[in-house]
Amino acid sequence: MDLDTVRTFVAAADAGQFQEAAAELAVTQQAVSKRIAALERNLGVRLFTRTPRGAELTIDGQAFLPHARELLRVAERAVASVRAGRRPLRVDVINLRGAASGLMRGFHRAHPEIELDVVTLFDIDTAVAAIRSGTIDASFRAVAAPGRPLPEGIESVRVVDEPLQLLTGPAHALAGARSVTLAQLAGHRIWMPGIVPGTEWAAYYDDLVAEYGLTIEATGPNFGSDDLLDTVADTPALATFMGEHTLPQLPLGGAPTVRPVGHGLRRIPLTDPTPVYPHSLLWHRDNPHPALATLRAHLAATAAGHDAAGTWAPSWVIPR
């Protein structure tokens, strides 16, 4: 059904005259008559009766009027849902813990008037495809994976480097250390079942292993972070890596055990150098959502720097 004819019908019904409806719609009276006639043919009924005073609704016209008004309201809501600034800003944060999620929480506190839709996608290929299709507006990723440059039209800016820390259970040999160098990790088993070949984080840890001779095991099914934490907490031979912002409530190395609240786990800073996971924001250069520009400005003003002295990141990571 042509919404212009429906809109014309409602205007004529409210005005009671085709001439006034034409003036309101900024069209000719002849155009109003043609639209009403087309709508009547489409519906198979008479909607108006011409009288000396103008145009009066027939019984069918009276029955159709409330539905016509609702059609126009639905159409307006549909347009508003995608109008610039009216749709929520949709951002992928990889996971709901860590630096990227923390950055989005900070953005929400600074701009509570902006409606957000935070999602978690699997890998950079999925995220880039979603950005190109318009399914999401932006994504936090490590950019870019080796040998896979970003497609034309996808922009990126590096926003924060998140230091990695070692997580151990209370009985691990390094549990009491206040810090650990990467060299000291040689011979220790780092268990990370969530590493999936072909992802950007797999490429990151492959480079870390190759450069510092670490032993990272990705064996066994990945039952999620709670199972990982429980297993590491109860297995003295295992440790794992997590970002500094992932579990900030856990005590640093040398602190007393807090089991069961924190699984008895310890967070131990890594040094000489400190490996950092580089988070970049990706978006499409043609994305018109006004909140995207606000997010980028917020990150430029508040996000921490990168490539600080004493840190390590893979050579393939795109700098700012």
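Mentor: Begin with the surface. The chain exposes about 15800 Å², and carbon and sulfur atoms supply 54% of that area. Keep in mind that this is a predicted model.

Trainee: How many helices and strands are there in the chain?

Mentor: The chain has nine helices and 13 strands. Of its 320 residues, 44% are buried. Now look at contacts with a separation of 6 or more: residues 24 or more positions apart account for 74% of them.

Trainee: How do I read the two faces of a strand?

Mentor: In a regular strand, side chains alternate between the two faces of the sheet. Take strand β5, residues 138-141. Ala138 and Phe140 point one way, Ser139 and Arg141 the other way, and all are buried.

Trainee: Which strands are joined to β5?

Mentor: Strand β3 (residues 89-92) runs parallel to β5, with two bridges. Here aspartate 92 stands opposite serine 139. Strand β12 (residues 274-284) runs antiparallel to β5, with four bridges. In that pairing, phenylalanine 140 stands opposite leucine 281, and arginine 141 has serine 280 as its bridge partner.

Trainee: Is β12 mostly covered or mostly open?

Mentor: Mostly covered: 11 of its 11 residues are buried. Check each side in turn. One side of β12 carries Thr274, Val276, Pro278, Ser280, Leu282 and His284. The other carries Pro275, Tyr277, His279, Leu281 and Trp283. Both faces are covered.

Trainee: What else pairs with β12, and in which sense?

Mentor: β6 pairs with β12 in the antiparallel sense, over nine bridges. Valine 157 stands opposite leucine 281 in β12. Strand β13 (residues 311-312) pairs with β12 in the parallel sense, over two bridges. There, threonine 274 has threonine 311 as its bridge partner.

Trainee: What is leucine 208 in contact with, beyond four places in sequence?

Mentor: Leucine 208 is in contact with Leu164, Leu182, Gly213, Leu214, Phe241, Pro275 and Trp312. Trp312 lies in β13, and Pro275 lies in β12.

Trainee: And valine 209: where is it found?

Mentor: Valine 209 is found in helix α7. Its relative accessible area is 26%, so it counts as partly exposed. Leaving aside neighbours within four places, valine 209 is in contact with Leu214 and Ile216. Alanine 186 is 23 residues away along the chain, and the two C-alpha atoms are separated by 10.0 Å.

Notes. Residues are numbered from 1 along each chain as its sequence is written. This is a predicted model: local features need pLDDT of at least 70, side-chain atom pairs count only at pLDDT 80 or more; totals for chains, interfaces and linings use all residues. Side-chain values use heavy atoms; hydrogens and water are left out. Contact means heavy atoms within 4.5 Å. Buried means under 20% relative accessible area, exposed over 50%, partly exposed in between (1.4 Å probe, protein chains only). Accessible areas come from the Shrake-Rupley method with a 1.4 Å probe; for residues, only the protein chains shown count as cover. Two strands pair if DSSP finds at least two bridges between them.
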